[in-house]
Amino acid sequence: MTLSVSLRMALCWFLLSFLFHSLYAHSDFFTSIGQMTDLLYTEKDLVTSLKEYIRQEENRLEQVKEWADKLDSLTITATQDPEGFLGHPVNAFKLMKRLNSEWADLESLVLKDTTNGFISNLTVQRQFFPTDEDQTGAAKALLRLQDTYQLSANTISNGDLPGVVHKSRMTVADCFELGKIAYSEADYYHTELWMAQALTQLDEGEESTIDKVSVMDYLNYAIYQQGELERALELTKRMLKLDPNHQRANGNLKYFEFQLEKQRKAEAEKKEQEDKKREKKVLDKPTVHDPITGKLTTAHYRVSKIAWLFGYEHSTIEKINQRIEDITGLEMDTAEELQVANYGVGGQYEPHFDFGRKDEPDAFKELGTGNRIATWLFYMSDVSAGGATVFPDVGAAVWPKKGTAVFWYNLFASGEGDYSTRHAACPVLVGNKWVSNKWIHERGQEFRRPCEMSENE
């Protein structure tokens with residue numbers, strides 16, 4: 001008996017298909033779209049099997065429901081007059097029958113396993129399923145496309161790709177999984193992009209089994225690994241608003257704050273080194289820009305006149321010192337004498353610190369009272385324009401107003417210098433600027449401002 005051409009062709013395709021599956025059952029699916037098409041048919045077959053399982057389950061549950069509804073009606077009637085109901089011999093017989101055999105039949109129905117067909121099919125098909133390597137490979141391919149064609153995560157997630165016919169959106173779970181794969185590869189750039197996209201979709205109201213805190217946890221670490229401490233800190237604070245007891249977030253909060261402070265101090269020290277090249281170490285002798293060379297040079301004119309006023313010279317000076325002590329709570333006996341300054345035309349003072357830095361251990365050695373712990377500055381006149389005291393590192397400015405004062409600590413309670421206190425006096429544009437200041441030192445403050453263990457407290 002000879003086979004027809006069509007039958008031989010069909011058999012040929014069957015054998016080729018069988019050989020294909022046999023050879024590539026555990027190969028890299030993501031490297032061939034042609035090979036991946038077979039997975040669609042595998043999945044279609046599984047869906048058919050799953051739907052059959054659901055039909056059987058629904059049929060079984062419908063039988064259980066009918067039984068429950070019937071007995072619900074019966075027991076309501078019977079319990080209204082139990083003795084009268086059982087006085088009927090048929091009712092008594094049926095009760096015995098139900099409890100002795102029919103409930104056993106119901107138990108068997110409830111315990112009936114209808115999953116065998118579906119599970120068997122799933123087990124057979126699983127040998128042709130993609131592996132973790134396939135999923136990772138597909139994810140990396142998507143990330144390469146994103147970089148090559150400069151596509152945003154939002155564009156890809158929305159399925160807005162050029163030339164597509166079958167548009168498909170990515171869910172929060174999809175974005176989250178892609179971000180996790182990037183994370184497992186230490187690719188924190190793409191981890192951030194896709195975790196941020198997942199968070200955006202959650203913020204927009206998309207329902208998902210993935211919660212915001214889980215997404216933020218990955219996103220936070222990715223941002224930190226890329227050196228963006230401030231963003232990582234802000235995200236940590238947002239996490240703690242959602243989950244105040246999140247152990248890792250609470251630990252990160254302290255760590256990020258410490259690292260940021262350390263970073264700021266390092267930057268401040270770097271600025272200080274640069275500023276020192278332009279400043280003279282002699283107090284009250286600032287540098288200015290030479291209008292010809294454009295370089296910093298020592299001023300050949302006085303930008304201010306200063307005088308030191310001692311408490312024993314006049315009772316008013318003593319009262320001023322006492323008032324500063326009452327307000328600040330700090331000891332004035334070890335403070336420097338009250339200094340009064342009057343700024344000249346265009347009077348200014350370049351950015352500087354009032355305290356001695358680590359590379360100036362002998363800055364106030366001759367006084368024997370330690371470093372300058374705090375500064376009190378009185379404004380003794382109004383200034384029509386200019387003349388503000390500015391703190392560039394914190395973006396603050398204090399404008400001169402007669403009868404007002406400004407106070408700040410130069411040192412943390414640990415004794416470490418606070419580099420954010422770098423300040424300057426802006427040039428006086430119009431007016432006459434008078435100030436007086438009191439530099440308060442460490443000695444004598446031991447019980448008034450106790451030391452702390454942390455360097456930035």
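Predicted model: local features only at pLDDT ≥ 70, side-chain atom pairs only at ≥ 80, totals over all residues.

**Stop 1: the annotated repeat**

Select residues 213-246. UniProt lists this span as "repeat: TPR", in an unreviewed entry. Colour the span by secondary structure: 79% is helix and 0% is strand.

**Stop 2: the open sheet**

Next, show the strands S5, S11, S8 and S9. In that order, these 4 strands form an open sheet, and the pairing is antiparallel. Find the edges: strand S5 (349-352) and strand S9 (396-398) each pair on one side only. Look along the sheet for its twist. From one strand to the next, the twist averages 15°.

**Stop 3: inside the sheet**

Zoom in on strand S8 (residues 389-391) and strand S11 (residues 423-425). The two run antiparallel, and 2 bridges join them. Select Thr-389 now. Which residue stands opposite Thr-389 in S11? Ala-425 does.

**Stop 4: the cysteines**

How many disulfides does the structure hold? The count is 0. Select Cys-175 and show the surface. Is Cys-175 buried or exposed? Cys-175 is buried, because its relative accessible area is 0%, against a cut-off of under 20%. Move on to Cys-426. Its relative accessible area is 27%, so Cys-426 counts as partly exposed.

Technical notes. Residues numbered from 1 in each chain as written. Heavy atoms only, no water. UniProt positions renumbered as here; feature names shortened; annotations may be inferred. Disulfide = S-S within 2.5 Å. Buried < 20%, exposed > 50% of the residue type's maximum accessible area, 1.4 Å probe, protein only. Pairing = 2+ DSSP bridges. Axes fitted to C-alpha atoms, helices over the stretch in contact; angles between N-to-C directions.
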